[in-house]
Amino acid sequence: MTTFGATVLWEKQGSEPFTDNKYSRAHVWQFDGGAEVPASSSPHIVRVPFSEPANVDPEEAFVASLASCHMLFFLSIAAKKGFVVRQYRDAAEGELAKNEGGRLYVSRVTLKPGITYVGAAPDRHTEAGIHHEAHEQCFIANSVLTHVVVEAVKGAREEQDDA
């Protein structure tokens, strides 16, 4: 079994109140490789100044995690099929909705990958197949109940010469 970890660190700031729920939600995510990411609740959930809009919020991180996992599998599959990816850009989006019990959840994540290639690019059918296989292999997508949709960006597939 492989385990993964992250440290989430929050500290009360000085004499700021706490029991009145008026405290900063800014915190830090620390990862084993040394990376630190400034995080916060979303300003859509907790108003500014109690959230920090410039920081990554858990909802954004969830979307990025799904998009990143899909991309990594896509790149691996494309390489095995002999396609050289020059750039992969995904402007992924997540939607928050209420479930049957009235609780908020990330109900849908839409991946919008735009890919350019060096040399020959796969046809649309082959590229869609690579996306399907990447989605099937992505263990993050296999770990959640959120409906994940892949909408490849039109016009981004153009072939390019070696530059």
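Mentor: The model is predicted, so local features need pLDDT of at least 70 and side-chain atom pairs count only at pLDDT 80 or more, while totals for chains, interfaces and linings use all residues. Residues are numbered from 1 along each chain as its sequence is written, and side-chain values use heavy atoms, with hydrogens and water left out.

Trainee: Which cysteine does a disulfide join to Cys-69?

Mentor: A disulfide is a pair of cysteine sulfur atoms within 2.5 Å. The S to S distance here is 2.4 Å, and the partner of Cys-69 is Cys-138.

Trainee: How many residues apart are Cys-69 and Cys-138?

Mentor: Helices (H or I, at least four residues) and strands (E, at least two) are DSSP runs, numbered from the N terminus. Cys-69 lies in helix α1 (residues 58–80), whereas Cys-138 lies in the loop between α2 (124–137) and β8 (147–150). The pair therefore links distant parts of the chain, and the separation is 69 residues.

Trainee: Is Cys-138 buried or exposed?

Mentor: The relative accessibility of Cys-138 is 1%. Because buried means under 20%, Cys-138 counts as buried.

Trainee: What does α1 reach from its first C-alpha to its last?

Mentor: The expected span of a helix is 1.5 Å times one less than its number of residues. With 23 residues, α1 is close to the expected 33 Å, and its reach is 33 Å.

Definitions and conventions. Buried means under 20% relative accessible area, exposed over 50%, partly exposed in between (1.4 Å probe, protein chains only).
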